[in-house]
Amino acid sequence: MAALPSSGPAPADDVDRIMAIMNIAFDPEYNEAWTRRQIEDALIIGNCHYLLAGCDGEDPAEAGEAEGGAAGFALSRGGFGEEELLLFAVVPQYRHRGIGRRLLARFAEAARGRGNPRLLLEMRRGNPAESLYRAFGFAPIGLRPAYYRQPNGARIDAITFAYDMV
């Protein structure tokens, strides 16, 4: 499991890594990226957790990667038997190499270890990561019509997915 802190204030360099990945991985057309302040505020709350992934999907610090370089991250919020994946990203140049799948597996393992056997996530309709989530075992459980707003004013449905680790 990750040697990095999983909850509470994150070291500044970990927040830097998260922000760098998010700035590269999130398409600005969909306005999904969080601000640094939003990330820091979430991690101050005791029920929010994060993981970084190196080029193999494992914790970059444990893999001995130079200065803890990161190719992806997961940010979640847990409690009451559920853990919601708030943000999940892999740098485009590292996609389709199994990093996302390994990072999801680490997220699931960590959530289960915190007593949260049900995983939730919400994504915009048309998000290419849907195939990854479905292959992992997530299934759609709800729809929020016209939930997300693009900068151009267009609206996109949100789909809620769940994965039960029973």
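Visitor: Which strands does helix α3 (residues 99-113) lie across?
Guide: Helix α3 lies across β1, β2, β3 and β4 (118-124), and runs at about 155° to β3. Angles run from 0 to 180 degrees between N-to-C directions, with axes fitted as lines to C-alpha atoms, for helices over the stretch in contact. Helices (H or I, at least four residues) and strands (E, at least two) are DSSP runs numbered from the N terminus.

Visitor: What sort of model is it?
Guide: This is a predicted model, where local features need pLDDT of at least 70 and side-chain atom pairs count only at pLDDT 80 or more, while totals for chains, interfaces and linings use all residues. Residues are numbered from 1 along each chain as its sequence is written, and side-chain values use heavy atoms, with hydrogens and water left out.

Visitor: OK, the sheet. What order are the strands in?
Guide: The order is β1-β2-β3-β4-β6-β5, in an open sheet of 6 strands with mixed pairing. Strands β1 and β5 (139-149) are at the edges with a single partner strand each, so one side of each has no neighbour in the sheet. From one strand to the next the twist averages 25°.

Visitor: Is β2 mostly buried or exposed?
Guide: Strand β2 (residues 72-79) has 6 of its 8 residues buried, so the rest of the structure largely encloses this strand. Buried is under 20% relative accessible area, exposed is over 50%, and partly exposed is in between (1.4 Å probe, protein chains only).

Visitor: How many bridges does β2 make with β1?
Guide: Strand β1 (residues 48-53) pairs with β2 over 6 bridges, in the antiparallel sense. Leu52 has Phe73 of β2 as its bridge partner. Pairing requires that DSSP finds at least two bridges between two strands.

Visitor: And with β3? How many there?
Guide: There are 8 bridges between β2 and β3 (residues 82-90), again antiparallel. Gly72 is opposite Val90 in β3.

Visitor: What sits in the loop between β2 and β3?
Guide: Phe80 has its place in that loop. The hairpin has 2 residues between the strands. Phe80 has a positive phi of about 60° although this residue is not a glycine, and Phe80 is exposed at a relative accessible area of 90%.

Visitor: What does β5 pair with?
Guide: Strand β5 runs antiparallel to β6 (residues 155-164), joined by 7 bridges. Tyr148 is opposite Ile156 in β6.

Visitor: New topic. How many cavities of 30 Å³ or more are there?
Guide: There is 1, and the largest cavity has a volume of about 50 Å³. A cavity is a set of points on a 1 Å grid over the protein atoms alone where a 1.4 Å probe fits but cannot get out, and lining residues have an atom within 4 Å of a point. Points are joined across faces, edges and corners, and volume is the space filled by probe spheres set on them.

Visitor: What lines the largest cavity?
Guide: Its lining has 10 residues, with His49, Leu51, Ser76, Phe107 and Arg114 nearest the centre. The elements giving two or more residues to this lining are β1, β2 and α3.

Visitor: Last one. Where is Ala10, and what is it in contact with?
Guide: Ala10 is in the segment before α1. Leaving aside neighbours within four places in sequence, Ala10 is in contact with Val15, Leu43 and Tyr50.

Key
Contact = heavy atoms within 4.5 Å. 1 Å grid on protein atoms, 1.4 Å probe; cavity = no way out; pocket = protein on both sides within 12 Å on 5 of 7 lines; lining within 4 Å.
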